[in-house]
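Work through the exercises below with the structure in view. Try each task before you read its solution.

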Amino acid sequence: MRRIRANAIAILTVAWILGTFYYLWQDSKPQSAAASSSSSAAAQTRRGHGQKAAVPGRLEVLQVTQPPRSEQNQNQNQQLGSFDEKSYLSAKQLKPGDDPYREHAFNLQESDRLGGERAIRDTRHYCAALNYDADLPSTSIIITFHNEARSTLLRTIKVLMRSPPSLIQEIILIDDFSSDEDCQLLAQIPKVRCLRNGRRELIRSRVRGANSASASILTFLDSHCEVNADWLQPMIQRVKEDHTRVVSPIIDVISLDNFAYLAASADLRGFDWSLHFKWEQIPIEQKMARSDPTQPITPVIAGGIFVMDKSWFNHLGQYDTHMDIWGGENFLSFRVWMCGGSLEILPCSRVGHVFRKRHPYDFPEGNALTYINTRRAAEVWMDEYKQYYYSARPSAQGKAFGVPEQEAVSSVLKQGGLCLETRGTDGLGLAECRSIGGSRPPSQRWELIEPLIRQQDLCLAISAFTAGSKVKMEPCSTKEPRQKWKPKGPALQHMVSGLCLDSQTPTGPLVISQCRPQMASQSWEPQIIT
């Protein structure tokens, strides 16, 4: 009897452990109508050439999915306008005997076989009951590329087929000095605009796209993506509710070998002290505490695919254009949190991405894995904590990283239809935004380099630390507490007093007062001058 009781306890213990692991796993388990074939498809994909570790630990189920043709494809001809997709794709085909991986670092032959559109499985979970506002604002989608494969680039642009037409105001293609004219051909597609760089610009291409965008919401995509069902609505909804949010989808994996679309788990993303961006699994205790699997995940996003408010992007100073190649986007995460915003990954938004093991082209400054970006981020944003960076990466000492502060960006500070300008030696006020010979007058040009708001050698300063104190201009000093400002939503907050810059009335003097960012007199929109 004692042996039977012991065996029963052991069986119940094992069943409880297995049940617990199944509960934790099912939160991220892909839902598939063909569940019975999942294991065989997973095994087949794992046996695919080179599928070892494109993104280690991120794949839930390795399964090739081919659901029925979607309804969006039925009106494809109408959405593409006069663009001849068949001619575009057939004009540049892989020659017999050529290495399909050589030019793009993925299997070009398999990508071309899929063509410009294919059906992919909906990899979201628990999202069907969510509703979004009917009056969501539209977005400008910005895609930069350099010598991208035609089939992968076209599938990225086919975001048009998988998004509500009212939400896409335009698609801006930034051709970063490619060796062909693909961009101009793609501009035949309705809503697609093409901008071509006269030389390689790398991360500065995204800044150019953002500056030319006409929508109030910016959406950045890499050039080898495929968006999934209802990918855009949840991200725009979150930004609409709070313009300081920067939101990203869960990034599914597209196999570089057979282009299978693979569901990725809802990972955390972050840095270690070496500032190396990496993927992390959500700890078990956090996963168990998540009562709603559709809740956003924080704290870091992957910088290539995200949605944010354009005015907030400008307020943050856009990208640090001294950073190149990889990482300049990722370190936008630093700035968002430190300037009062937030970062979110949305489980109900999914975008597939081809993760390559190497870059298919060279960079102007050599290998991508340099210390330029990480050391620059440490010097600009980490203050006294940068000692931990140098402890983790001692070889970064002495490496070039550009000037020690973020590049000065000339802006105008707009409030409604008026611009902040200086008057005389220390006077300030709002005036009509002017242009002299196509450029802003010096009295309306500002450089926003935290914590200073400067105009040449003079900086914005408060006269006292109490509410109602006037704001004036005086010689700049980073050690002067009266000159230290930071963004707080659309407002500009004095860091020491905690009060905000307030115009009171368009004709009155500028003062500091209790922060109420919803007030028009405290809402400032930096607009980059290019």
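## Exercise 1: A surface patch

Tyr385 sits in the loop between helix H13 (372-381) and helix H14 (386-392). The model is a predicted one.

**Task.** Find the nonpolar surface patch that includes Tyr385, and give its accessible area.

**Solution.** 
- Step 1: Check Tyr385. Its relative accessibility is 45%, so Tyr385 counts as partly exposed.
- Step 2: Check Trp273. Its relative accessible area is 47%, so Trp273 is partly exposed.
- Step 3: Check Tyr388. This residue has 38% relative accessibility and therefore counts as partly exposed.
- Step 4: Apply the patch cut-off, which is over 30% relative accessible area.
- Step 5: Trp273, Tyr385 and Tyr388 make up a nonpolar patch on the surface. Together they have about 350 Å² of accessible area.

## Exercise 2: Aromatic pairs

**Task.** How many aromatic pairs does a search of the whole structure find? Describe two of them.

**Solution.** 
- Step 1: Count. The search of the whole structure gives seven aromatic pairs.
- Step 2: Take Phe220 and Phe313. Their ring centres are 5.7 Å apart and their planes stand at 50 degrees, so this pair is tilted.
- Step 3: Phe220 belongs to strand E5 (residues 217-221) and Phe313 to helix H11 (residues 310-315), so the pair ties together parts 93 residues apart in sequence.
- Step 4: Check burial. Phe220 and Phe313 are both buried.
- Step 5: Take Trp273 and Tyr388. Here the ring centres are 4.9 Å apart and the planes are at 40 degrees, so the pair is tilted.
- Step 6: Trp273 is in the loop between strand E9 (268-271) and strand E10 (277-280), and Tyr388 is in helix H14. The pair links distant parts of the chain, 115 residues apart.
- Step 7: Look for a cluster. Phe220, Phe306 and Phe313 form one.

## Exercise 3: Disulfides

**Task.** How many disulfides does a search of the whole structure find?

**Solution.** 
- Step 1: Count. The search finds five disulfides.
- Step 2: Join Cys127 to Cys348. Their S to S distance is 2.0 Å. The torsion about the S-S bond is about -90 degrees, so this disulfide is left-handed.
- Step 3: Locate the ends. Cys127 is in the loop between helix H5 (108-114) and strand E2 (139-145), and Cys348 is in strand E12 (residues 342-354), so the link ties together parts 221 residues apart in sequence.
- Step 4: Join Cys183 to Cys194. Their sulfur atoms are 2.1 Å apart. With 130 degrees about the S-S bond, this link is right-handed.
- Step 5: Locate these ends. Cys183 lies in helix H7 (residues 182-186) and Cys194 in strand E4 (residues 192-196), so the parts tied together are 11 residues apart in sequence.
- Step 6: Join Cys419 to Cys433. Their sulfur atoms are 2.0 Å apart. The link has 100 degrees about the S-S bond and is right-handed.
- Step 7: Locate them. Cys419 is in strand E14 (residues 418-423). Cys433 is in the loop between strand E15 (427-432) and E16. Both Cys419 and Cys433 are buried.

## Exercise 4: A hairpin

**Task.** In which sense do strands E16 and E17 pair, and over how many bridges?

**Solution.** 
- Step 1: Find the strands. E16 covers residues 446-449 and E17 covers residues 452-455.
- Step 2: Read the pairing. The sense is antiparallel, over three bridges.
- Step 3: Name a bridge. Glu447 has Arg454 in E17 as its bridge partner.
- Step 4: Follow the chain. A hairpin connects E16 to E17 through two residues.

Conventions:
Residues are numbered from 1 along each chain as its sequence is written. This is a predicted model: local features need pLDDT of at least 70, side-chain atom pairs count only at pLDDT 80 or more; totals for chains, interfaces and linings use all residues. Side-chain values use heavy atoms; hydrogens and water are left out. Patches are made of residues with over 30% relative accessible area and no salt bridge: like charges are joined within 9 Å, nonpolar side chains (Val, Leu, Ile, Met, Phe, Trp, Tyr) within 5 Å. Accessible areas come from the Shrake-Rupley method with a 1.4 Å probe; for residues, only the protein chains shown count as cover. A salt bridge is a side-chain nitrogen of Lys or Arg within 4 Å of a carboxyl oxygen of Asp or Glu. Helices (H or I, at least four residues) and strands (E, at least two) are DSSP runs, numbered from the N terminus. Buried means under 20% relative accessible area, exposed over 50%, partly exposed in between (1.4 Å probe, protein chains only). Two strands pair if DSSP finds at least two bridges between them. Rings of Phe, Tyr and Trp (its six-membered ring) pair if their centres lie within 6.5 Å; planes under 30 degrees apart count as stacked, over 60 as edge-to-face and the rest as tilted. A disulfide is a pair of cysteine sulfur atoms within 2.5 Å.
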